[in-house]
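The sequence and structure are shown first.

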Amino acid sequence: MGLPSVMVLPLLIVIAAGVYYIYNEVIQFLSKTQVKNKVVVITDAVSGVGMECAHLFHKGGARLILCGPSWDKLESLYESLTIDADPRETFAPKLVILDFSDMDSMDDVVAEVMECYGYVDVLICNTSMKLKAPVQSVSLELDRNIMDINYFGPSSLAKGVLPSMVTRRSGHIVLVNSIQGRLAVPFRSSYAASKHAAQAFFDCLRAEVEEYGIIVSTISHTFINMSDPPPVEESAPKPNALAAFIASQLTHGVRPSVLANEIMQTVNRKRKEVVLAHPIPRVALYLRSLFPPLLFAVLAAGVKDSLLAEQMQ
C-alpha cells in the first residue's frame, strides 16, 4: 500500500534534512582529521574569532602558533586549550607576541614564528583594526596606523613565511578580510581603503604562487557580531521602511563561531574566495559592478538617514 500523496512532500523534507545533517557531521569530522599535525599560525588568537579558531584547530590536532599583542591573554588562551586536553591527541600551542602596529618588529616576529617548527602549513591573517568616522576627521597618523595593521602587517608576515612554503611547494595563506575590501560604505574610508589594499595584494599573491602548490584564500565577511541582539522597543517610532530593512540586514553580522567554522572549511576544501554575508551586502556587490550609479545614490541617501548612518558597518 503506497503512501498518500499528501505525505510525500513532508517525508522528502525530513529525508533531505537528515541527509544534510549527516553530511555536516561528516564534514566536521573530516575537517578535524585534515588539519592534524599541520602547523597553523593565527595572527590574532586572542580576538573572538581567533579564540574560536584556536579551539577548533587545537581539537583537530594542529600544531598551533598563537599570536597576539597581549602576553597575559595568550597565556590565558593557552591554559584554556591545554587544561583538559589529551597530550596524545593534541599539541601544546606555541605563543608569539605580534603587534602589527609595530612594523619594526616584523623581522623578529617572522624569525620567531619560523623557529617554532621550521615551517608553516597554514597562515591565518585575522588581525584587524576598525574605524568609523567622517573622512575629514581622520588624521594621517591614524590612516597610517590602520594601513599597518590591516595591510602592511598581514602582507609582511605572508612574505616572511612564503620562502619556506615555496621550498616545500605547499602551504595555505588565509586572509580573513572584510566585505569592505570589495565594497566601501560611508564613514569607513580608512578601514575600507586598507581592506581593499589587502584584498588586492592577496589576489595578486594567489596567482603568483599557484605554480608552487600554495593556496591563497580570502574570506570577505560582514561585521563580526560579538553581542546579543538588542531587545525590541515597541514604543520606538518607526523609521523609514527601506532604511530600517537595510539596517536590519547590516546589523545581523557574523558570529565568531560561524566565521571560525568557515575558516576551517576554507582550509580543508582549499577554497580561494568566500563571501560570508547576508543578501543585502551581496546585492550591493552586484550593484557596484553592474549599476554603480544606483549604488552610489543609495549610499548617499542612506547617509542622510540617521538610523542607516548609525547602523552601517
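## Overall architecture

Helices, of at least four residues, and strands, of at least two, are taken here as DSSP runs and numbered from the N terminus. On that basis, the secondary structure of this protein, a predicted model, comes to eleven helices and seven strands.

The protein has 313 residues, of which 44% are buried. Among the contacts with a separation of 6 or more, 74% are made by residues 24 or more positions apart.

## Packing of helices H2 and H3

Two packed helices are described by the angle between their axes and the distance between the axes. Helix H2 covers residues 48–59 and helix H3 covers residues 71–82; their axes come within 11 Å and cross at roughly 35 degrees. The crossing of H2 past H3 is right-handed.

On the H2 side, the contact involves Met51, Ala54, His55 and His58, which meet Leu77, Ser80 and Leu81 of H3. By class, the residues of this contact comprise four nonpolar, three polar and no charged.

Ser217 lies in strand E6, which runs over residues 214–221. Its relative accessible area is 0%, so Ser217 counts as buried, the cut-off being under 20%.

The side chain of Ser217 takes part in a polar contact of 2.7 Å with the side chain of His172. The Ser217 side chain also reaches the backbone oxygen of Arg271, at 2.4 Å. When neighbours within four places in sequence are set aside, the residues in contact with Ser217 are His172, Ile173, Val174, Leu175, Arg206, Thr266, Arg271 and Lys272.

Thr127 is placed in the loop between strand E4 (122–125) and helix H5 (140–168).

A polar contact of 2.8 Å links the side chain of Thr127 to that of Thr43. Beyond neighbours within four places in sequence, Thr127 is in contact with Thr43, Asp44, Phe100, Ile149, Asn150 and Lys195.

Definitions and conventions
Residues are numbered from 1 along each chain as its sequence is written. This is a predicted model: local features need pLDDT of at least 70, side-chain atom pairs count only at pLDDT 80 or more; totals for chains, interfaces and linings use all residues. Side-chain values use heavy atoms; hydrogens and water are left out. Buried means under 20% relative accessible area, exposed over 50%, partly exposed in between (1.4 Å probe, protein chains only). Contact means heavy atoms within 4.5 Å. A polar contact is a pair of N or O atoms within 3.5 Å; within protein, one must be able to donate a hydrogen and the other to accept it, and residues adjacent in sequence count only if both atoms are side-chain atoms. Axes are lines fitted to C-alpha atoms, for helices over the stretch in contact, and angles run from 0 to 180 degrees between N-to-C directions. A crossing is left-handed if the near helix is turned anticlockwise from the far one by less than a right angle, and right-handed if clockwise. Ala, Val, Leu, Ile, Met, Phe, Trp, Tyr, Cys and Pro count as nonpolar, Asp, Glu, Lys and Arg as charged, and the others, Gly among them, as polar.
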